[in-house]
Structure formats: structure tokens, C-alpha cells
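This report describes selected features of one protein chain, to be read with the sequence and the coordinates at hand.

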Amino acid sequence: MARVLVVEDDQFVRSALIRHLTEAAHTVRSVGTALEALREVAHIGFDVVILDLGLPDLDGGEALKMLRGITDVPVIIATARDDEADIVRLLNDGADDYLTKPFSVEHLSARMAAVLRRSRAAGAEPPSRVIRVGGLSIDPLRRQAELDGAVLDLTRREFDLLAFLAGRPGVVVPRRELLAEVWQQSYGDDQTIDVHLSWLRRKLGETAARPRYLHTLRGVGVKLEPPR
């Protein structure tokens, strides 16, 4: 089972989460402020953090950025905010998933299981073969990607997505397969894939309108191939 940090200032919600997670055999610690969360993460190795945004000392979005400065532990945002721009911004800042309150304990459990599967799969022994597609060079063992000799600054999920597509050059990969293999989810929102593809395109020096490596076939999937 997992070591979970719950960051939630609402005592009722906090108690309910602790009870549910403990009953599911997880080891749970909880705090009510962002600064306490940072101290906990700095000293204890957690498997996942459940982070509320409406904290009394610091906005959860800022706390997420600070967490990403010291750890790559998976973070699930749990909040009442449902603005699309907020969701995109938080994913961009390093959140692994996003749940809008109120949510069921079953929904939380499913999202936690998916995030933990992705995290553990990322920690497994990667293939040693360097993948080359055009000017792209992807080293799964070092988790480093280069474009025309320049190292790309990629997040964990951006690297996973790029490496998966590059391992199948010229093959159109359905979005459902990307969710299953990269995100370890059997279902999900296409927006997550679109956001990460947008970030990757920007770092590869291309756009959806003028693609070089990443090509989206509407209603079908995505493929990566060398520029022609």
C-alpha cells in the first residue's frame, strides 16, 4: 500500500480522507498548511500527495510549484475549483491529476491507483536502447532527450509521452492507448493529452498548425515521425 500525505485545512474533509485511506490500508499523514506539507515532504518519502488549493497560509498552486522544486512525488489536486484555465495551469505546474470536490471515495481510489501505477512504472528498469528519430535522440535509461544535439527540458510526463511515441515512429497511436500506456488509465479526459502535446510541440519548435515531428490525426490518434 501507499504512503499518503493529505494536505487539507477543512477538518471534516481531512478526517474523512484519513479514515477512508487508512481503511484501504494506506499509511496516512495529514497537515493543514502548505508550509507543513513542504516540511513533511522534505523529511519523509511519500508515494502520493493529495493537495487542496484553498490553504490558509499559501495558495495550493504556489505550494505545488514549491513541492516540485524539492520532489517529483505524484500530486493529486483535490479542490472545489473547476475552472478549465486553473486545471491547465496546475497540470503545467506539475500536478499529476485533478479532482473536483465533491468526489466519491471510489473515484479518489481509482485516481490514486492510476497515479501510483504510473509512478511505479516510471521507476522500473527502462530499456537501454537509445531511440533516434530524425534529429531527436531519446535515452530512456538516462531519461534525457535531445533535439539536434540540444538537451530538451522535459517534465516526467512529457518525456514519457515523447519516448512512447518515438518508440513507434510513423505509427498512429490511438488516444486510448496513450492513456493506457503513458498515463496508466483506462479512461480519462483528452484535454490531458492535448495539453502535454502542446507543451511538447513548443519544446520541439513546432505548432499543431505547422508540425514537424508530432502529427495529430483528428478522431484517430497521434504519430511521431521525422520531418520530411
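A nonpolar core is here a set of buried Ala, Val, Leu, Ile, Met, Phe, Trp, Tyr and Cys residues joined through side-chain atoms within 4.5 Å. Buried means under 20% relative accessible area. The model under discussion is predicted.

## Nonpolar cores

The largest nonpolar core has 28 residues, and the members that touch the most others are Leu 162, Leu 165, Leu 178 and Leu 224. At least two residues each come from strand 6 (131–133), strand 7 (136–139), strand 8 (144–147), helix 6 (156–166), helix 7 (175–181), helix 8 (190–203) and strand 12 (221–224). Helix 6 gives the most, with seven residues.

Leu 162 illustrates the packing. Not counting residues up to four places away in sequence, Leu 162 touches Leu 136, Ile 138, Ala 145, Leu 152, Leu 154, Leu 200, Leu 204 and Leu 224. Another core, of 25 residues, lies apart from the largest one; among its members are Val 31, Val 75, Ile 77 and Tyr 98.

## A parallel strand pair

Strand 4 (residues 75–79) and strand 5 (residues 97–100) run parallel and are joined by four bridges. Ile 77 has Tyr 98 of strand 5 as its bridge partner. Between the two strands the chain passes through helix 4 (residues 84–92), and this β-α-β crossover is right-handed. Ile 77 and Tyr 98 are also among the members of the 25-residue core.

Side chains of opposite charge can pair when their charged atoms come close. The structure holds 19 salt bridges.

Glu 8 forms one of them with Lys 101, with 2.7 Å between the closest N and O atoms. This pair links distant parts of the chain, 93 residues apart: Glu 8 lies in the loop between strand 1 (3–7) and helix 1 (11–23), and Lys 101 in the loop between strand 5 and helix 5 (105–123). Lys 101 also meets the side chain of Asp 52 in a salt bridge, at 3.1 Å from N to O. Here 49 residues separate the partners, Asp 52 being in the loop between strand 3 (48–51) and helix 3 (60–70).

Are these side chains buried or exposed? Glu 8 is buried because its relative accessible area is 3%, and Asp 52 is buried at 6%. Lys 101, by contrast, is partly exposed, with a relative accessible area of 23%.

## Other salt bridges

Within helix 4, Asp 86 and Arg 89 lie three residues apart, about one turn of the helix. Their side chains form a salt bridge, with the closest N and O atoms 3.2 Å apart. Asp 86 counts as buried at 19% relative accessibility, whereas Arg 89 counts as partly exposed at 32%.

A network of salt bridges links Arg 68, Asp 96, Arg 143, Arg 156, Arg 157 and Asp 160.

## The surroundings of Trp 183

Trp 183 is located in the loop between helix 7 and helix 8. Its relative accessible area is 2%, so Trp 183 is buried. Leaving aside neighbours within four places in sequence, Trp 183 is in contact with Ala 114, Arg 118, Arg 157, Leu 161, Leu 178, Thr 192, Ile 193 and His 196.

Technical notes
Residues are numbered from 1 along each chain as its sequence is written. This is a predicted model: local features need pLDDT of at least 70, side-chain atom pairs count only at pLDDT 80 or more; totals for chains, interfaces and linings use all residues. Side-chain values use heavy atoms; hydrogens and water are left out. Two strands pair if DSSP finds at least two bridges between them. A crossover is right-handed if, with the strands pointing away from the viewer, the path from the first strand over the helix to the second runs clockwise. A salt bridge is a side-chain nitrogen of Lys or Arg within 4 Å of a carboxyl oxygen of Asp or Glu. Buried means under 20% relative accessible area, exposed over 50%, partly exposed in between (1.4 Å probe, protein chains only). Contact means heavy atoms within 4.5 Å.
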